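Please keep the model open in a viewer with the sequence alongside, and follow the selections in the order in which they are given.

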Amino acid sequence: MIIGAHSIIYSKNPDADRTFLRDVLDLPSVDVGGGWLIFGLPPAEVAVHPADKNSVHEFYLMCANVEAFVVAMKKHNVVCGPVENRSWGLLTQVSLPGGGELGVYQPRHARPSSVTSETLVVPGSRKRTARRTPKARAGRR
């Protein structure tokens, strides 16, 4: 039923931020017309947290080693905030060329298996479209 997620970063300088995502973070992209780029991301996850109001969303990128990420950003003259030690991971804020900030963290929490065509649920049922592979089953333990 769900085939992916589409996240949006609003920016006062979208061209600069697109260049950062393409050239610094080296994310693959597709031009959907007029230089408007949509970037591919690694597997994603979503969590629901309690809040006093609805329609509040946050977007973070995750990395395997936040300290190495900060060093890599310095080589590109990209400013990162101090690494914060949170219960759920090590977090830094990356200053985007358009003036915004983007959270990047090294997770400590368990990560779910990625959704693939083999693990999609058929709408209206709990039946899977295909059997889970042994590797996918092992990831759920």
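Throughout this tour, buried means under 20% relative accessible area, exposed means over 50%, and partly exposed means in between, with a 1.4 Å probe and protein chains only. Helices (H or I, at least four residues) and strands (E, at least two) are DSSP runs, numbered from the N terminus. The model is a predicted one, in which local features need pLDDT of at least 70 and side-chain atom pairs count only at pLDDT 80 or more, while totals for chains, interfaces and linings use all residues. Residues are numbered from 1 along each chain as its sequence is written, and side-chain values use heavy atoms, with hydrogens and water left out.

**The whole chain**

Begin with a cartoon of the protein, which has 3 helices and 6 strands, running α-β-β-β-α-β-β-β-α from the N terminus on. Of its 141 residues, 23% count as buried. Taking contact to mean heavy atoms within 4.5 Å, 38% of the contacts between residues at least 6 apart in sequence join residues at least 24 apart.

**Helix H1**

Select residues 14-24, which make up helix H1, and show the side chains of its buried residues, Ala 16, Asp 17, Arg 18, Phe 20 and Leu 21. An α-helix has 3.6 residues a turn, so residues three or four places apart point the same way. What do the buried residues of H1 pack against? They meet strand E2 (37-39), helix H2 (66-75) and strand E5 (89-95).

Then move just past the end of H1 to Asp 26, which takes a positive phi of about 60 degrees.

**The nonpolar core**

Next select Phe 20, Leu 25, Phe 69, Met 73 and Val 94, the residues with the most contacts inside the largest nonpolar core, which has 19 residues. Such a core is a set of buried Ala, Val, Leu, Ile, Met, Phe, Trp, Tyr and Cys residues joined through side-chain atoms within 4.5 Å. The elements that give two or more residues to this core are H1, E2, H2, E5 and strand E6 (101-107), and the largest share, 4 residues, comes from H2. Centre the view on Leu 25, which, leaving aside its neighbours within four places in sequence, is in contact with Phe 20, Leu 61, Phe 69 and Met 73.

Now select E5, where 5 of the 7 residues are buried, so the strand is largely enclosed by the rest of the structure. Two strands are said to pair if DSSP finds at least two bridges between them. On one side of the comparison, strand E4 (residues 84-86) pairs with E5 in the antiparallel sense over 3 bridges, and a hairpin joins E4 to E5 through 2 residues. Glu 84 stands opposite Leu 91 in E5.

E5 also pairs with E6 in the antiparallel sense, over 7 bridges, and Thr 92 stands opposite Val 104 in E6. These two strands form a hairpin with 5 residues between them, and Gly 99 in the turn has a positive phi of about 105 degrees.

**The aromatic cluster**

Show Tyr 60, Trp 88 and Tyr 105 together, as they form one aromatic cluster. Rings of Phe, Tyr and Trp (its six-membered ring) pair if their centres lie within 6.5 Å, and planes under 30 degrees apart count as stacked, over 60 as edge-to-face and the rest as tilted. By this rule the count comes to 3 aromatic pairs. The ring centres of Tyr 60 and Tyr 105 are 5.8 Å apart and the planes lie at 90 degrees, so the pair is edge-to-face. This pair links Tyr 60 in strand E3 (residues 60-62) with Tyr 105 in strand E6, 45 residues apart. Tyr 60 is partly exposed, with a relative accessible area of 31%, whereas Tyr 105 is buried at 8%. Trp 88 and Tyr 105 have their ring centres 4.9 Å apart and their planes at 90 degrees, so this pair too is edge-to-face.

**The cysteines**

How many disulfides does a search of the whole structure find? The search finds 0, a disulfide being a pair of cysteine sulfur atoms within 2.5 Å. The sulfur of Cys 63 is 9.4 Å from the closest cysteine sulfur, in Cys 80, which is too far for a bond. Cys 63 is buried, with a relative accessible area of 17%, and Cys 80 counts as buried at 18%.
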